[in-house]
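Please keep the model open while reading.

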Amino acid sequence: MCSVDNIKRISNFLEVPLGKVGYNSEKILTRIKSAQEPSISGFSSIIQSLVRESNKSTVRQSHADIETDCQILQWLDYAVLFVAPTNKDKHAAKILLDELNLYLQSRSYLVNDTLSVADVVVFHTVHDTVANLQPLEKENYLNVSRWFHHLQQLEEVRQGKLLLNFSTLQLLEWATGTHT
């Protein structure tokens, strides 16, 4: 979801003081850094402002060129427009996971070959959807499961969220018959 909690987690990942974040009168996420500076509204716009303020070396390296910046911006929009709504719609979640699974078939990360803010944003927005998958469903999305499992192992990304189980040993509990 594109929520205040996720903004806080991404701010922590980027090592940027967040300021005050909440919903304005139109129910749009809004960030207020200080009384002297204008507020920033919208999930993607807030993330972009946090990235610009970050001095974290891995973030600076991942924003080395305009093409990479554009790809990251596309993933931020993807998180808002496509990932966030799937938390409430199981059919949309299946379509999203199918697309993401196909995209991650030959990739370890969403942009280039390193962790970027795009991975962190999509990880947090898709977290509830992945958490609601049954073990057998997770096996249908092996590439998403691999990517998600890798990211959740990084405490700077996960930030205290519960580790989700991706072990296939759990399938033994679900099997109803014996095979010879």
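Two strands pair if DSSP finds at least two bridges between them. Helices (H or I, at least four residues) and strands (E, at least two) are DSSP runs, numbered from the N terminus. This is a predicted model: local features need pLDDT of at least 70, side-chain atom pairs count only at pLDDT 80 or more, and totals for chains, interfaces and linings use all residues. Residues are numbered from 1 along each chain as its sequence is written, and side-chain values use heavy atoms, without hydrogens and water.

**Hairpin**
- Strands E1 (residues 20-23) and E2 (residues 29-32) run antiparallel and are joined by four bridges.
- Val 21 faces Arg 31 of E2.
- Five residues lie between E1 and E2 in this hairpin.
- Lys 27, in the turn, has a positive phi of about 65°.

**H2 against H6**
- The axes of H2 and H6 are 12 Å apart, at an angle of about 140°.
- Axes are lines fitted to C-alpha atoms, for helices over the stretch in contact, and angles run from 0 to 180 degrees between N-to-C directions.
- H2 and H6 are therefore oblique to each other; angles under 35 degrees count as roughly parallel, over 145 as roughly antiparallel, 65 to 115 as roughly perpendicular and the rest as oblique.
- Phe 43, Ile 47 and Val 51 of H2 make the contact with Val 117, Val 121 and Thr 125 of H6 (heavy atoms within 4.5 Å).
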